[in-house]
Amino acid sequence: MSSGTILYQDTGFQGWTLTEINIVQPKKKPKGRDLTIDKKENNWDISSIRTQAEHAIAGVKRYRIVQNKLRN
């Protein structure tokens, strides 16, 4: 990956980093409190971008683009 690349990451990968990569991940809700409206909107923006990527991956799997071998 080149410098300046943005990685939209899930909260399941906290602590995992790459050098020269900008990592964007949603904020977790603090214990006993709610997130601010700004953080909720930011989380929504991140999740909408990640949803598009997940749908693209599902399409690749659905049509078996990567899975099957072409035998001639």
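This is a predicted model: local features need pLDDT of at least 70, side-chain atom pairs count only at pLDDT 80 or more; totals for chains, interfaces and linings use all residues.
Let me start in the loop between β1 and β2, because that is where Glu20 lies, and the names follow from the rule that helices (H or I, at least four residues) and strands (E, at least two) are DSSP runs, numbered from the N terminus. Residues are numbered from 1 along each chain as its sequence is written, and side-chain values use heavy atoms, with hydrogens and water left out.

Back to Glu20, then, which has a positive phi of about 60° although it is not a glycine. Glu20 is exposed, since its relative accessible area is 58%, and here buried means under 20% relative accessible area, exposed over 50%, and partly exposed in between, with a 1.4 Å probe and protein chains only. Thr19 belongs to the loop between β1 and β2 as well, and Thr19 counts as exposed at 71% relative accessibility. Along the chain Thr19 and Ser3 are 16 residues apart, and their C-alpha atoms are separated by 8.5 Å. Gly12 also has its place in the loop between β1 and β2, and with 65% relative accessibility it counts as exposed. From Gly12 to Gln25 there are 13 residues in sequence and 9.6 Å in space, C-alpha to C-alpha.

Now let us step back to the whole chain. The protein has 1 helix and 2 strands, and read along the sequence they follow the pattern β-β-α. Of its 72 residues, 11% count as buried. The accessible surface, computed by the Shrake-Rupley method with a 1.4 Å probe, where for residues only the protein chains shown count as cover, comes to about 6500 Å², and 53% of that belongs to carbon and sulfur atoms.

What about the helix, α1? Within α1, Asn43, Ile46 and Gly59 are buried, and what covers the buried residues of α1 includes β1 (5-8) and β2 (21-24), where a contact means heavy atoms within 4.5 Å. Just after α1, Arg64 takes a positive phi of about 50°.

Finally, the pocket. Rolling a probe the size of a water molecule over the atoms shows where empty space is left. On a 1 Å grid over the protein atoms alone, a pocket is an open set of points where a 1.4 Å probe fits, with protein on both sides within 12 Å along at least five of seven lines, and lining residues have an atom within 4 Å of a point. The lining of the largest pocket includes Leu7, Tyr8, Phe13, Trp16, Ile49 and Arg50. The elements that give two or more residues to that lining are β1 and α1, and the largest share, 5 residues, comes from α1.
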